[in-house]
Amino acid sequence: MIDVIFVCWGNICRSPMAERVARGQAEREGLEGVRFTSAGTSSEELGEPIDSRAQRVLAQAGYSTGGHRAHQITAAEIRDADLVIAMEDLHLSRMRRLVPDADNLALLTDFDPDAAPGSGVPDPWYGSADGFRGTLAAVEAAMPGVLERVRELVG
């Protein structure tokens, strides 16, 4: 089983959105042998569900939204995962403090050939629903590259 973890700040917006998109697209493509999860680098939102604005945007696009509770990523999760995909450089930096020798970390936009290198996915939490639609678009744009990398890991 290949483990892929998507990581953002609080684990209520970007990372659970990426997790749900990855699951949905992998299922549609018949990609098996992979587990997609998500986590946050902070403890601010522990136990919270996906943000209601993110839920609406995901549901409108046909992705699942239920069953999520935010949690903070641990050093063990980073070490045990095959691929850990962050939304911003800040998240990469925080995870590198937990596991300095981690070689399984990437930025989501690294998988989008049209994204500027190192650009990251902006946090939509502070804005309107449009920001969440933009987050979904950024996640979906990167997902073909993510799934291609997962296929390489599956072998």
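Me: In what order do the strands of the open sheet stand?
Reply: This is a predicted model, in which local features need pLDDT of at least 70, side-chain atom pairs count only at pLDDT 80 or more, and totals for chains, interfaces and linings use all residues. Residues are numbered from 1 along each chain as its sequence is written, and side-chain values use heavy atoms, leaving out hydrogens and water. Strands (E, at least two residues) and helices (H or I, at least four) are DSSP runs numbered from the N terminus, and two strands pair if DSSP finds at least two bridges between them. The pairing of the 4 strands is parallel, and their order is β2-β1-β3-β4.

Me: Which strands have one side left without a neighbour in the sheet?
Reply: A strand at the edge has a single partner strand, so one of its sides has no neighbour in the sheet. The strands placed like this are β2 and β4.

Me: By what angle are neighbouring strands of this sheet turned against each other on average?
Reply: Axes are lines fitted to C-alpha atoms, for helices over the stretch in contact, and angles run from 0 to 180 degrees between N-to-C directions. For neighbouring strands of this sheet direction is ignored, and the average is 25°.

Me: How many bridges join strand β1 to β2?
Reply: Strand β1 covers residues 2–8 and runs parallel to β2. Isoleucine 5 of this pairing stands opposite threonine 37 in β2, and cysteine 8 has glycine 40 in β2 as its bridge partner. The number of bridges between β1 and β2 is 7.

Me: Which strands does α4 lie across?
Reply: The buried residues of α4 are His91, Leu92 and Met95. Seen down the axis, they fall within an arc of 100° (taken from the directions from the helix axis to the C-beta atoms), so they line one face of the helix. They pack against elements including α1 and α3, where contact means heavy atoms within 4.5 Å. α4 runs at about 170° to β4, and the strands it lies across are β1, β3 and β4.

Me: Is aspartate 103 buried or exposed?
Reply: Aspartate 103 lies in the loop between α4 (89–98) and β4 (105–107). Its relative accessible area is 76%, so aspartate 103 is exposed.

Definitions and conventions:
Buried means under 20% relative accessible area, exposed over 50%, partly exposed in between (1.4 Å probe, protein chains only).
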